[in-house]
Amino acid sequence: MVTLRINGDEMSLDDVDPTTPLLWVLRDHLGLTGTKFGCGMGQCGSCTIHLDGRATRCCVLPIRDIDGMSVTTIEGLSEDDDHPLQEAWVEAGVPQCGYCQVGQLMSAAALLADNDEPSDDDIDRAMSGNLCRCGTYTRIRSAIHAAARAMR
Amino acid sequence: MTTTSIDPAPQGVMNVSRRGFLGGLVGAGSFVLGASWPLASARAASVNEAFAPNVFLAIAPSGVVTIIAHRSEMGTGIRTSLPMVVADELGALWERVTIEQAPGDRSFGSQNTDGSRSIRRFYDVMRVAGASARNMLERAAAARWNVAHTECTTRGHEVVHESTNRTLPFGDLVADAIALDPPAAEDLRYRTRSELNYVGKGVPITDGQDIVTGRATFGIDATLPGMKYASIERPPVLGGTVRAYDATATLAVPGVERVIELSSSTAPHAFKPLGGLAVIGTSTWATLRGRQALEVEWDDGANASYSSETYDAALLASAQAGGRVVRDEGDVDAAFADATRTVEANYELPLLSHAPMEPPCALARVTDDLCEVWAPTQNPQTAQDMLAGEFGLSRDQVVVHVTLLGGGFGRKSKADFVVEAARLAREVGAPVKVTWTREDDVRHDYYHAVSALSMKAALNGDDDVTALRMSTAFPSISTTFDPTARHGSDGELGQGFSDVPFAVPNIRVENGEARGHVRIGWLRSVANIYHAFGVSTFVDELAAARGRDPFEHWLSMLGTDRDLALGDFYSNYGEPLERYPYDIKRLRAVGQLAADRAEWGRDLPRGRGLGFAAHRSFLASVAVVAEVDVTQDGQLTIPRIDMAVDCGLAVHPDRVRSQMEGAAVFGAGVALAGEITAKDGRIEQSNFHDYKIPRIYEAPQDVRVHLVESGELPGGVGEPGVPPIAPAICNAVFAATGKRIRRLPLARHDLSWS
Ligand code: FES
Ligand code: FES
């Protein structure tokens, strides 16, 4: 039996096939559909969550490998939808279709937790695993800078 | 600045409050208005669009204004922009507007969200809807005050009587307005540009907050109690069938419940599901594991002969041979016979896949007399029709709920994935959600056509260009609907090819034959992608051959300012040329604006270069200056893109900008690495590791969008940014390295220099 702490709550996943990637446990078993499926092979970042605070692609992460670990999803990123990145994202009008944006935000949040004044290169490195087919990259970069300023 | 004219006059506005058109969407007792609108162009009319009521708004006694978004939201912001037009004409406060997404229903007019048409087809309709409602509220208030309604106006969700400073909130007038007859067309008054608060300025997109909190509901997020999951192994070759299969191991996977064989699609494949073997289970993961364990033998059928290597060579030969003459002016053969010299080049572009970040998916529930689906569809009415036909139901027994789309780009206007879910739901007797994997998506798309172009110019003793002979060949979208089709449609050929705008006395445009072996569909800007690449690269090659600056040379090729005269072969995106002329002056102006803002001609070190391309499509013109940086060992980056845009009136300028920024990345994807190939009928790519789309560090680093201030009729926005990007990038590569790119993508080429 696998136990995870998800957005602060202890969850025992007794009747879930332990080979199931965390992505599908979140989406199908727990109804946390904010985390998205885009490729299923760690290529696109749509499924980015925080695993013990680190940005992680959870589509290729069987839950049996992360027993006892702590998971944060978009649903747990902020108390009142007020993470500076969420505010900067709305302010800059970053989303187009919006599908990749949860993954983008989770990668960006992990970056800013470590680095409160990232350069463009830092951003490009931290965000390189997150594809956006709509092409919102330039706004993502400027919104991360804006959120970093707001957090300092 | 002038305002766009409302033309032709509105017809058939009716007060439908008591008719319940909106069903459960808005509360009882609301004031509901419908507007119908004659089509501007019969030539473009689809059956869907003819004289149908096509917009609805409702005002509740509480004052809440509900506006129906009837077009699909896939990232353009249309779910915000069109309702915003209604709210502005009405005089509503945006904070007190609620937006409801319409299900598929003929009452709304066409909901087929493609062709960059939503604003151009519905901007006027939305104004009629808003202005008609305002007129009725003004009359209701005027009756209370015993004044002439022409002395009243609306502002801030209230009717205002200016001279006496009296106001009445919208909600208080609902009961009175319900009893009124709608205004005659000639009594409608539209706000002038200076009276508008939202149009031309914009509001934040309505789904922004839901998107950044993960609450936004896309198709993949739809659920129903008791829902089963399905994953489908489809025939690897189009038209292939299951010869034999063994599902023993699949059925042993925990959570797998059934394997269902679906009949294979036969040509014409149109929007039909492909068939295959569906694994049904209690979770997505169970179905994916079940599929892995499946053993299938396929009969591949005739398309197994299809391999890109041989096909592409034949396609180029077909382009060179030409055949069907589409446009013929002057005497091209005589001009070539008299030429002092000629310039010739061929261009080749591969198949492309849409790869929206949300793959195709749908949820369905089917009973004997009701079929309900939830799907990220660009075209709910076609889905509705197909499902009605599938189950022998009437249209009102089929409800297509439109979710948000995690990208569409043309892929999600086909209903194949929706029908899959419904077939399985009926077979299983429970709600079923079908989710395509990325591999399914890349291998079974409606691909953007592979293409080949042959371009030739004749020059005389003065080095004037005296003739152009241009030929294109590509498997037409028509092949998806008619397997005997061999030529492009007028629509495809008119996407940047038969409408070549250059002032050359002798021009012949031809189209060679090509067959389809995979489903060919439309992808963001469609045939403009390859035609703009061929034309804009060739004109750059001509400049080089003539020793001229590429931008100055392009300007000179345009000739005098005029409306381009084009014959019956040209469909102008379904609009008459009198209404939306091909205006050389406007095209020239965007070119100049891009060149000015990009500081065309600025000094750059070796390995850096600027490239220019400009293209009119979907009734908008976009000019691009791309700056590339190529290291000596051939690593390419795109530090900057300048895009000048004339789309007529920019209803929501920020969303126009965001579409252009996105188009720069989409176009860069076409240039850099986008390539789908087939071998023995099977698509060779499968996921983002081998079908590469730009990552943040590969995409243009700085995209500067320069909008032409315009009060002209709105043109398209979603697509026109894409076509000039790839040729501008490749022309910049030539400027930087001297290497001419005639075959995309760039990933095929060694760009190193010394
Ligand atoms: S879905 Fe996990 S990286 Fe793409
Ligand atoms: S906003 Fe659509 S994929 Fe990123």
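View 1. Arg134(B) belongs to helix H2 (residues 118-145) of chain B and Glu89(B) to helix H1 (residues 78-90), so the pair ties together parts 45 residues apart in sequence. Helices are DSSP runs of H or I with at least four residues, and strands are runs of E with at least two, numbered from the N terminus. Glu89(B) is also buried, at 1% relative accessibility.

**View 2. Salt bridge between Arg234(B) and Glu420(B)**. The N to O distance is 2.8 Å. Arg234(B) sits in the loop between strand E9 (228-233) and strand E10 (241-246), and Glu420(B) in helix H10 (residues 416-428), 186 residues apart. Arg234(B) is buried at 3% relative accessibility, and Glu420(B) at 2%. Both belong to a network of salt bridges that also links Glu233(B), Arg291(B) and Asp440(B).

**View 3. Salt bridge between Asp416(B) and Arg519(B)**. The side chains meet at 3.1 Å, N to O. Asp416(B) is in helix H10 and Arg519(B) in the loop between strand E22 (506-511) and helix H14 (528-545), 103 residues apart. Both residues are buried.

**Notes.** Residues are numbered from 1 along each chain as its sequence is written, and chains are lettered from A in the order in which they are written. The model is predicted, with local features needing pLDDT of at least 70 and side-chain atom pairs counting only at pLDDT 80 or more, while totals for chains, interfaces and linings use all residues; side-chain values use heavy atoms, without hydrogens and water.

Technical notes: Buried means under 20% relative accessible area, exposed over 50%, partly exposed in between (1.4 Å probe, protein chains only). A salt bridge is a side-chain nitrogen of Lys or Arg within 4 Å of a carboxyl oxygen of Asp or Glu.
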